[in-house]
Amino acid sequence: MPPRSGRSRNDLADDDGDAPEDNLPPFFNTTFSTHRVSPLYVGRQELTQLRLEQLAHRLRDTLVGDVVRGIQIGLESTDTPAGQVGTLRSVKIRWFHAQRLLDRDLFFTEQDGGSGLTDTVMRQWNRLAEAHKRGLWIEIQHENASYVALLLPGHPGTVKDRRSGTNGFAIQHDGDASGKKVDQDQFVHLPLLLLRMPQALKGVIGDWISTTFDCRVSKLNLGTRTLVTVWEDWIKTAGLPGKGPDFAISLAFNAPMGKKERSDAPESDEESDKDGMSSDPGLRGMDITIAPHDLRRFFRRGEQADGPYRSSSSGPWETDIRERRRLAGGNADDGWGWRTGQEPDDHPFTEALARYLDHHLALNMFHPSVRIVQISCGGFMLAQSRLKIVKVGSVSDELARAAWVFVTRLGERLRGEHLVAFGL
């Protein structure tokens, strides 16, 4: 691709020592924890390679001077002998081209074939400035171990809203400051943070990013809607395997169990409950495993459905939004309320699985207290706060497309959280 003539605050200056194309962070076959980051404030000074080297030096000073013992404590907590990682050798912070992370040139044209969903995402991606297609790679290298932090651009909608010219949300001011505009050139938008390191070091890195860039770093808890959407998109993009590891989906339940009758002693006021339910949870979880050769049968059954599936069981939550929200818990991604207005072919596999569980186990998977907490297959593993994309051999076009849609779907989740947080 020919170089662009324009420059932005987070552009990568080639003359300042841009990393070569083959110098990319690990991504496939690596388990990351997921975190979200508010816009990074960088000021009027560009994030050139020279400035990144200065920041890397500061991070190294922090690690060497303050938290070496903290790293050892984190390793000890996982039964790893203290000091096994060896001395700290280097700390590097570099830009990298996000699309090259997948070993494929993902710039497609309107005439390209394939999944309509994927092509739409790619066309949106291609319209972005080069500055918004790059991520930051923090690498901490010890004698016997290396740790990685990746700051990735989210879905195209999280970078710039074409209608408002803002970055996916509007900042409202009170009083005399209402007429002032935020200079977006002083911010870098890398909302998705992936970490591969001990828990103690995660806290240190999160605090350092927050302090250095005046931003907020917090854990990204993925819910049912995101997990289901990623899986259904993966099917439509990469297809379903006929062999390989079993597909596994883990369900968790937010439903309390009924209070037991006690004849030996009267219940105290603290133990009694108005609805006759104990605060202790009942069934905690269920793992469902499906052989690869059965996956296509589920998918075809869902495609043939006449309409969205509704269980014969019902309750007051059917018409009570507040009760549904209470049963679903605090994560806005859970509760299945988002199925309203969905077509059966939007999530055919999930629809078919719900029919199967209701018929054979009398389990209403679409009850608001039922949530999906992990999905794993031969291609990926995605849990509430962890992800891993599997690569066997070279990266195919299908895997590259599916993996990129995978990441951008997480960006959509981040965009949704921003809109909720700002009341939009």
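Q: Is Trp336 buried or exposed in this model?
A: In this predicted model, Trp336 has a relative accessibility of 3%. Buried means under 20%, so Trp336 counts as buried.

Q: And Phe366, buried or exposed?
A: Phe366 counts as buried, because its relative accessibility is 7%.

Q: How many aromatic pairs are there in the whole structure?
A: A search of the whole structure gives 15 aromatic pairs. In one of them, the ring centres of Trp336 and Phe366 are 4.8 Å apart.

Q: Why is the pair of Trp336 and Phe366 called edge-to-face?
A: The planes of the two rings stand at 65 degrees, and planes over 60 degrees apart count as edge-to-face, so the pair of Trp336 and Phe366 is given that name.

Q: Where in the chain are those two residues?
A: Trp336 is in the loop between α8 (321-328) and α9 (348-361). Phe366 is in the loop between α9 and β13 (370-376). They are 30 residues apart, and the pair links distant parts of the chain.

Q: What lies over the face of Phe366?
A: Arg339 does, at 3.5 Å from the ring centre. Elsewhere, the charged end of Arg94 sits over the ring of Trp137, 3.8 Å from its centre.

Q: New topic: which residues have the most contacts inside the largest nonpolar core?
A: They are Trp231, Leu251, Phe349, Phe380 and Phe406, in a core of 57 residues. Helix α10 (residues 397-421) gives the most to this core, namely eight residues.

Q: Where does this core lie relative to domain 1 and domain 2?
A: The core lies between them, because domain 1 (30-157 + 184-219) and domain 2 (224-255 + 282-384) both give residues to it.

Q: What is Phe380 in contact with?
A: Leaving aside neighbours within four places in sequence, Phe380 is in contact with Val230, Trp231, Trp234, Ile375, Lys388, Ile389, Val390 and Phe406. Phe380 is also part of one aromatic cluster, whose members include Trp231, Trp234 and Phe406.

Q: Let us turn to α5. How many residues has it, and what is its reach?
A: Helix α5 (residues 199-213) has 15 residues. From its first C-alpha to its last it reaches 21 Å, close to the 21 Å expected at 1.5 Å a residue.

Q: Which residues of α5 are buried?
A: The buried residues are Leu201, Lys202, Val204, Ile205, Gly206, Trp208, Ile209 and Phe213.

Q: What follows α5?
A: Asp214 follows α5, and the phi of Asp214 is positive, near 50 degrees.

Note on methods
Residues are numbered from 1 along each chain as its sequence is written. This is a predicted model: local features need pLDDT of at least 70, side-chain atom pairs count only at pLDDT 80 or more; totals for chains, interfaces and linings use all residues. Side-chain values use heavy atoms; hydrogens and water are left out. Rings of Phe, Tyr and Trp (its six-membered ring) pair if their centres lie within 6.5 Å; planes under 30 degrees apart count as stacked, over 60 as edge-to-face and the rest as tilted. Helices (H or I, at least four residues) and strands (E, at least two) are DSSP runs, numbered from the N terminus. Buried means under 20% relative accessible area, exposed over 50%, partly exposed in between (1.4 Å probe, protein chains only). A charge sits over a ring if NZ of Lys or CZ of Arg is within 6 Å of the ring centre and within 35 degrees of the ring normal. A nonpolar core is a set of buried Ala, Val, Leu, Ile, Met, Phe, Trp, Tyr and Cys residues joined through side-chain atoms within 4.5 Å. Domain bounds come from an automatic or database domain assignment. Contact means heavy atoms within 4.5 Å. The expected span of a helix is 1.5 Å times one less than its number of residues.
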